[in-house]
Each structure stands twice: as structure tokens, then as C-alpha cells.
Amino acid sequence: MSVLDHEVVARDLCAALHGALRYDDADRSFSPHFSNVGLGFVGAATPAGPAAGSGGPEASGSRTAGGREVAGIATAYLHVNRVSRALGAPFLVLDRPLARPGRHGALEVRQPLEGGGEARIVGCDVDTFVLSATGVGGATLGVLGDLDLTALRSVACDDAERRWHARVPTLDARDPDPALPIALAVRALRGTWHG
């Protein structure tokens, strides 16, 4: 096969999978680029209540927004040391509700918003995602209300970026350390943060 043939096959495969995938628990999180972080979204066809999964003791009782689809990111998962760890639900909520269920593709998640806007989430590098939204005036970073993010070490802020360093309890008894250090950064590429 030539390079062009591979591009055609990849494009056709992505087109065939668009809207057919589910990212509703830790085992099926949106985790491109071999990431240690995966994102969870709840689709309309998903039963209400905790999502099923065998990603670990916590992820099997996923907190993906309690079975409700939210505009934004329902849950972020850490896939580290044989265990998947959910970080807050909802993780990041846009201030505009969904107009209809989102479409989950192999390389992106698209969410139509009420009033004509759209949110689009893509993986752009290992453990790095970009959320682009039109017609949105704000968002809530719900992960900061997650009481399991223990020992918040530092917070750094400027007009465009928020950074947090914390320790998250490990969930596997084979881990020698009781907590895993994490860094979370959210950058506004357009606009500024308020509050």
C-alpha cells in the first residue's frame, strides 16, 4: 500500500466510526495518543446510574456525571499502575446545555449546544486535549470540588492558565506509595478566566 492508500483507509475508518463509539466509562474512555489520561462522556443511549467497567475499584463505579450527558467533559480518568482513577464528575461543564446527544468519533467528540453553538474535544498530544466551543460564555471546572484530590500542594494562576499540583491516593495495594502526584493545567487559548 502506498502512503496515499493508508490515508484513505484511515479517513474512511474514522468516518465509519464517527458517532458509533462510546466513551462512557474508564474502560472505554477517549484516550488517543496512548495517553495516561482518558475522558468520559455520557451518551443518550447509556443507562442512567454508574457506568460499568473493570478499570479498577473506583472506575468500576464510574462517576461519569451520574448518567447524565453534560456539555463539556463529564469525567477525566487517570490510567496509571494497572488502575483507572476517576477525577470528579462532572469534570468541566460549559454554561450552555446540549441541544441533542453528542457524536463520539475516533479522533474527536462533538457536542451541539442550545442556541447554535458547538463544543469539540480532540486529543492533540499525549495527555493533552483541546476543547473548542462556540457560543459559550463560561465554564465550571468541577474537578476542583473533588474531595479525593488530597494534599493540594499549589495553585498557580494568570490571565490565561490555571495550574494545580496535588496528590491523589493510589488504589492498588501493590503501589509502594500511598499517593500519586499529579499536575493539572487548563489554558484558555482565547479569552480570560474569571473567578
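## Ground rules and confidence

Because the model is predicted, local features need pLDDT of at least 70 and side-chain atom pairs count only at pLDDT 80 or more, while totals for chains, interfaces and linings use all residues. Residues are numbered from 1 along each chain as its sequence is written, and side-chain values use heavy atoms, with hydrogens and water left out.

The score behind these limits, pLDDT, is the predictor's confidence in each residue, from 0 to 100. The protein chain averages 77, and 79% of the residues score at least 70. Strand 8 has the highest confidence, with a mean of 92, and strand 11 (residues 150–157) the lowest, at 72. Please handle one stretch with care: over residues 44–58 the pLDDT is below 50, although this stretch has 31 contacts in the model beyond near neighbours in sequence. A contact here means heavy atoms within 4.5 Å.

## Two open sheets

Helices (H or I, at least four residues) and strands (E, at least two) are DSSP runs, numbered from the N terminus. Two strands pair if DSSP finds at least two bridges between them. On that basis, 4 strands form an open sheet in the order 6-7-8-9, with antiparallel pairing. Strand 6 (103–104) and strand 9 (128–133) are at the edges with a single partner strand each, so one side of each has no neighbour in the sheet. Strand 8 (residues 118–125) is joined to strand 9 by 6 bridges, and D125 stands opposite T128 in strand 9.

Another open sheet has 3 strands in the order 2-5-10, also paired antiparallel. Strand 2 (72–73) and strand 10 (139–141) are its edge strands, each pairing on one side only. Between strand 2 and strand 5 (residues 92–94) there are 2 bridges in the antiparallel sense, and I73 stands opposite L92 in strand 5.

## The loop between helix 1 and strand 1

D25 is in the loop between helix 1 (3–17) and strand 1 (37–40). Is D25 buried or exposed? Its relative accessibility is 0%, so D25 counts as buried; the cut-offs are under 20% relative accessible area for buried, over 50% for exposed and partly exposed in between (1.4 Å probe, protein chains only). The side chain of D25 makes polar contacts (pairs of N or O atoms within 3.5 Å; within protein, one must be able to donate a hydrogen and the other to accept it, and residues adjacent in sequence count only if both atoms are side-chain atoms). One reaches the backbone nitrogen of D27 at 3.0 Å, and the backbone nitrogen of R28 also lies 3.0 Å from a polar atom of this side chain.

Most residues other than glycine have a negative phi. H33 is partly exposed at 40% relative accessibility, whereas F34 is exposed at 84%.

## Aromatic pairs

Rings of Phe, Tyr and Trp (its six-membered ring) pair if their centres lie within 6.5 Å; planes under 30 degrees apart count as stacked, over 60 as edge-to-face and the rest as tilted. The count comes to 2 aromatic pairs. Y23 and F30 form a tilted pair, 5.1 Å centre to centre with 55° between the planes, and both residues are buried.

The rings of F30 and F129 have centres 6.0 Å apart and planes at 45°, so this pair is tilted. F30 lies in the loop between helix 1 and strand 1 and F129 in strand 9, so the pair ties together parts 99 residues apart in sequence.
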